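I looked up each item in turn.

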Amino acid sequence: MIEVIKYNLLQAKQGIDQLLANEKTLNAIQCAAEALIKSFDTGNKVLSCGNGGSMCDAMHFAEELTGRFRKDRRPFPAIAICDPSHFTCVGNDYGFDDVFARYIVAHAKAGDCLLAISTSGTSKNIMKAIAAAKQQKVTVIGLTGKENSLLDEQADISICTPIGEFSDRVQELHIKVIHTLIELVERGFCPENYA
């Protein structure tokens, strides 16, 4: 058991080391934070979506922005697309591939941001969400684990964290990226919280 524990922790460390050495990804994280700050600064909002564990990450991202991350500050308008009644309605009437896209058409406006999360970068409902967001003139921030995937190619800003064979390793880096984005937003609006 100890060997498995050590192996898992070593893989996580290797993922962080690879992320630190990847200038393209570091620059993408910075660009994503700047896009979020601009959106909030102009009175807009961010939506987030993902499937399975990525939906949990999308929800985590939104609640840290509407609640608080480290210290008290104003809430930022963030919505995770995760309403079960919306999912069952749209899934039943249109199909599961449309659950995020229809929500975006209903609620997003020009100047908003979308954080679209897919470890594979190929989820059909995420790709439809990106297409809908672009039609609404929404800035798309993609978070994926596969370089040269559809999401990597279609997002306005693509943050790619490839590591390991399975999605759990990718998701471990995704949560680090998400926390970093939230901190950068806070630092942009509330520098006194980090003095």
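**Entry 1: helix 1 and helix 8**

I find that helix 1 (residues 2–21) and helix 8 (residues 167–189) pack at an angle of about 50°, with their axes 10 Å apart. Helix 1 is therefore oblique to helix 8; angles under 35 degrees count as roughly parallel, over 145 as roughly antiparallel, 65 to 115 as roughly perpendicular and the rest as oblique. I took the axes as lines fitted to C-alpha atoms, for helices over the stretch in contact, with angles running from 0 to 180 degrees between N-to-C directions. Helices (H or I, at least four residues) and strands (E, at least two) are DSSP runs, numbered from the N terminus.

I note that helix 1 and helix 8 cross in a right-handed sense (the near helix is turned clockwise from the far one by less than a right angle). Helix 1 contributes Asn8, Gln11, Ala12, Gly15, Ile16 and Leu19 to the contact, and helix 8 contributes Arg169, Glu172, Leu173, Lys176 and Val177; contact means heavy atoms within 4.5 Å. By class, I list five nonpolar, three polar and three charged residues in the contact of helix 1 with helix 8.

**Entry 2: basis of the values**

I record that the model is predicted, that local features need pLDDT of at least 70 and side-chain atom pairs pLDDT 80 or more, and that totals for chains, interfaces and linings use all residues. Residues are numbered from 1 along each chain as its sequence is written, and side-chain values use heavy atoms, with hydrogens and water left out.

**Entry 3: helix 5 and helix 6**

I looked up helix 5 (residues 99–107) and helix 6 (residues 124–135), which pack at about 20° with their axes 7 Å apart. The two are therefore roughly parallel. Helix 5 passes helix 6 in a right-handed crossing. In helix 5, Val99, Phe100, Ala101, Ile104 and Val105 meet Asn125, Ile126, Lys128, Ala129, Ala132 and Ala133 of helix 6. This contact has nine nonpolar, one polar and one charged residues.

After helix 6 comes Lys137, with a positive phi near 60°.

**Entry 4: Ser39**

I place Ser39 in helix 2 (residues 23–41). Ser39 counts as buried because its relative accessibility is 3%.

Definitions and conventions: Ala, Val, Leu, Ile, Met, Phe, Trp, Tyr, Cys and Pro count as nonpolar, Asp, Glu, Lys and Arg as charged, and the others, Gly among them, as polar. Buried means under 20% relative accessible area, exposed over 50%, partly exposed in between (1.4 Å probe, protein chains only).
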